Amino acid sequence: MVLDRRRLPSLGRGLLLAGLVIYLLLPIAAVLLYAFSTRWTSHLLPDGYTASHWLQALADPRLVAVMLRTLGLALLVTLLDILLIVPAIYWQWIYNPRIRPHLELTAAIPFVLPYVVIAFGILSLSGQFLPAVQGTVGLLALSHGVVAFPFFYWAVDNAMAAADVALLNEVAKTCGASPWRSLVQVILPNISVGIATGSMLVFAVSFNEFALVQILVGARYETVSLYSLDLLTGTNADFNKLAVITMFTFVVVFTLSALSVYLNRGQGQTRRLMIGSRSKA
Amino acid sequence: MGSVSLRHITKHYGSVCALDQLCLDIPAGELVVLLGSSGCGKTTLLRSVAGLERPDQGQVLIDGQDVTALATRHRPIGMVFQSYALFPHMTVRQNIAFPLRARQRPAHRRASRVEELLELVHLGPQADRFPNQLSGGQQQRASLARALAASPQVLLLDEPLSALDALVRQQLREEIRRIQKTLQITTLFVTHDQAEAMAIADRVAVMRQGRIEQIATPLELYETPSTRFSASFVGNRNALELPLQDGRIRFGQVLDMAVPGLASRRAIVFFRPEDVEFSQNGVGHPAKIESKIFQGAHTRLHLVAEAEGLMGRFYADLPSRQAHSLEPGNTVKVSIHPSRARVFPADG
């Protein structure tokens with residue numbers, strides 16, 4: 001058989017893409033199979049399949065508590081970031097563009113410093129000035145808020161740039177709107193996608209975070225990542241249950257990421273989440 | 001409707017002076033166009049009236065009330081922006097209703113006012129569309145209706161037509177004028193387009209370097225510009241730099257005029273291309289046609305003439321039917337009536 005020369009490049013691209021997909025999906029598929037396997041010894045596929053690990057995991061009160069704690073923490077961190085960062089970025093855009101370099105620099109810090117270093121920094125600082133907050137969920141939530149700041153900042157900042165909030169704010173003022181009305185009725189509806197995207201990323205960061213939880217609160221506030229470590233290294237190690245939790249975490253984070261990509265599809269478009277609103281063509 | 005008085009408005013951006021002791025009085029119901037090139041301060045002036053810029057010095061008075069320190073939202077103004085700036089998440093109806101909601105007008109009055117404005121700007125059928133479903137012209141009409149919604153005393157328009165194509169621009173400028181006359185609303189209109197300024201204004205304020213160079217009716221400005229800058233900026237105009245001798249300016253038989261009281265050795269003579277007279281009876285100065293450009297009703301001839309040891313290049317507009325027989329290389333006899341020329345010192 002003679003291959004058409006013109007088809008070779010597209011064949012190469014197809015093979016490359018297939019290779020990439022297999023490379024990315026293989027570990028996930030392996031974990032999924034392991035979560036459903038009775039035993040998996042010397043064959044390519046498990047020896048047998050069962051849903052009992054899932055049923056046991058869901059019936060485990062410790063795991064349910066861990067899930068709820070992690071969920072609660074992630075929601076708290078998301079709320080904190082929304083309440084603290086949206087007004088700060090709004091302030092930057094409307095009243096004080098000169099603080100932008102400072103915010104950008106701050107947003108780079110979590111990428112530059114390892115989380116372990118950040119955790120010990122927070123521990124040292126809080127020990128010096130506010131020892132009462134050490135070991136509390138509040139301190140953990142604030143710390144997660146800090147490390148998730150860049151993800152939220154860039155999402156909301158881009159949304160504000162796309163919506164041209166400075167102009168919208170001026171228009172609202174000439175229409176007689178108060179700053180509050182302008183923010184609530186004009187600005188927020190136009191940056192809602194950015195807030196939603198940023199929130200999902202913050203949620204995912206907090207949901208998966210390990211170093212800060214381990215160092216700042218430890219077993220006092222067991223989250224999914226700490227529980228996973230326990231299942232991996234503890235005396236009662238249960239790899240099948242660990243596979244179940246890993247799959248669960250993967251599904252949560254993947255769904256949030258996919259939603260984030262979906263909401264941001266179409267560069268340069270201003271999109272809103274308000275009921276009855278339309279996307280900009 | 002309220003008058004607008006601007007008294008000694010000064011505004012600096014760092015070391016750059018955007019407005020320099022600027023004074024302007026606009027009687028109620030008048031449409032004044034601020035005309036000038038980029039960076040002359042016209043938008044800064046408009047924004048100062050709106051309260052979006054705070055002048056370093058001076059006062060802004062609307063209907064006799066000093067609003068200099070008043071926040072934008074409390075000023076009796078409506079503003080139309082260059083980029084339409086409709087709220088993208090609201091329909092046309094909601095956009096127009098927004099100023100009424102912001103000023104907490106009762107719902108029934110809001111609804112009737114919105115309907116009134118939709119009719120005024122002919123946007124009834126598009127009332128429930130979102131901005132992205134409208135053409136540029138429709139968006140700007142909606143923006144105009146929104147600016148008028150709260151019945152402001154002063155309407156401010158910041159280059160409202162510059163983002164539109166030529167045909168829509170002309171239609172909309174006539175519509176803006178119609179609405180302004182209907183409502184008798186005091187209006188400040190910023191543009192850098194001379195034709196637009198001439199077509200729409202009661203008076204045109206020519207701005208330069210943060211000051212008003214001249215303010216006059218379009219006809220006055222066109223016919224009798226009072227400064228060299230106004231003469232060179234407004235309309236198509238020839239400019240010849242000529243020596244001044246014994247109180248007269250001569251350029252062969254093209255131009256010979258007395259210029260009493262001009263204390264300068266050289267002068268700039270401005271004259272319009274349509275004021276170049278083509279002789280039918282051999283009187284005039286010979287000028288050679290360098291090129292010919294058909295422009296529809298008129299044809300532009302680029303001419304060169306030599307006199308008094310000087311070579312002068314200028315252009316003339318001629319009805320196309322008369323220019324039909326003229327070709328580049330031909331020589332014609334031309335002259336300019338002294339009353340059609342404006343003279344300013346060359347070093348002024």
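This is a predicted model: local features need pLDDT of at least 70, side-chain atom pairs count only at pLDDT 80 or more; totals for chains, interfaces and linings use all residues.
## Exercise 1. The make-up of chain A

Describe the secondary structure, extent and burial of chain A.

*Solution.* 

Step 1. Count the elements. Chain A has 12 helices and zero strands. Along the sequence its pattern is therefore one α after another: α-α-α-α-α-α-α-α-α-α-α-α.

Step 2. Take the extent. The C-alpha trace of chain A spans about 75 × 70 × 35 Å along its principal axes.

Step 3. Check burial. Chain A holds 281 residues, and 41% of them are buried.

Step 4. Look at the range of the contacts. Take the contacts in chain A between residues at least 6 apart in sequence; 68% of these join residues at least 24 apart.

## Exercise 2. The two domains of chain A

Find the domains of chain A and describe the contact between them.

*Solution.* 

Step 1. Domain 1 of chain A covers 1–50, and domain 2 covers 55–263.

Step 2. Taken over C-alpha atoms, they are 34 Å apart.

Step 3. Count the residues in contact. Domain 1 of chain A gives six, and domain 2 of chain A gives seven.

Step 4. Size the interface. About 590 Å² is buried between the two domains of chain A, with 78% from carbon and sulfur atoms.

Step 5. Look for polar links. One residue pair is in polar contact across the interface, both residues being at pLDDT 80 or more.

## Exercise 3. The two domains of chain B

Work out which residues and elements carry the contact between domain 1 and domain 2 of chain B.

*Solution.* 

Step 1. In chain B, domain 1 runs over 4–229 and domain 2 over 237–345.

Step 2. Eight residues from domain 1 of chain B and nine residues from domain 2 of chain B make up the contact.

Step 3. Size the interface. The two domains of chain B bury about 710 Å² between them, and carbon and sulfur atoms hold 47% of it. On the domain 1 side, B:Y222, B:P225 and B:R228 lose the most area to domain 2 of chain B; together they account for 73% of what that side buries.

Step 4. Find the charged link. The count between the domains of chain B is one salt bridge. B:R340 and B:E223 meet through their side chains in a salt bridge, at 2.9 Å from N to O.

Step 5. Helix 7 (residues 218–223) of chain B supplies three residues, the largest share of the domain 1 side that touches domain 2 of chain B.

## Exercise 4. Where the chains meet

Describe the interface between chain B and chain A.

*Solution.* 

Step 1. Count residues. Each side is given by number: 24 from chain B and 24 from chain A.

Step 2. Size the interface. Chain B and chain A bury about 2100 Å² between them, 63% of it on carbon and sulfur atoms.

Step 3. Find the charged link. There is one salt bridge between the chains. A:E170 pairs with B:R47 in a salt bridge, and their closest N and O atoms are 2.5 Å apart.

Step 4. Six residue pairs between chain B and chain A are in polar contact, both residues at pLDDT 80 or more.

Step 5. Assign the chain B side to elements. Strand 6 (77–80) and helix 2 (92–102) of chain B are the elements that give two or more residues to the side touching chain A. Helix 2 of chain B gives the most, with four residues.

## Exercise 5. Surroundings of B:T299

Is B:T299 buried or exposed, and what does B:T299 touch?

*Solution.* 

Step 1. Locate the residue. B:T299 is in strand 17 (residues 298–307) of chain B.

Step 2. Apply the cut-off. Buried means under 20% relative accessible area. B:T299 has 2%, so B:T299 is buried.

Step 3. List neighbours. Leaving out residues up to four places away in sequence, B:T299 touches several residues, among them B:I293, B:F294, B:L318 and B:S320.

Step 4. Pick out the polar one. The side chains of B:T299 and B:S320 are joined by a polar contact of 2.9 Å.

## Exercise 6. Cysteines

*Solution.* 

Step 1. Take the cut-off. A disulfide needs two cysteine sulfur atoms within 2.5 Å.

Step 2. Compare. The closest cysteine sulfur to that of B:C17 is in B:C40, 12 Å away, so the gap is too far for a bond.

Step 3. Check the total. Over all chains, the count is zero disulfides.

Step 4. B:C17 is partly exposed, with a relative accessible area of 30%. A:C175 is buried, at 4%.

How values were computed
Residues are numbered from 1 along each chain as its sequence is written. Chains are lettered from A and ligands numbered from 1 in the order in which they are written. Side-chain values use heavy atoms; hydrogens and water are left out. Buried means under 20% relative accessible area, exposed over 50%, partly exposed in between (1.4 Å probe, protein chains only). Domain bounds come from an automatic or database domain assignment. Contact means heavy atoms within 4.5 Å. Buried area is the accessible area (1.4 Å probe) that two parts lose on being put together, summed over both. A salt bridge is a side-chain nitrogen of Lys or Arg within 4 Å of a carboxyl oxygen of Asp or Glu. A polar contact is a pair of N or O atoms within 3.5 Å; within protein, one must be able to donate a hydrogen and the other to accept it, and residues adjacent in sequence count only if both atoms are side-chain atoms.
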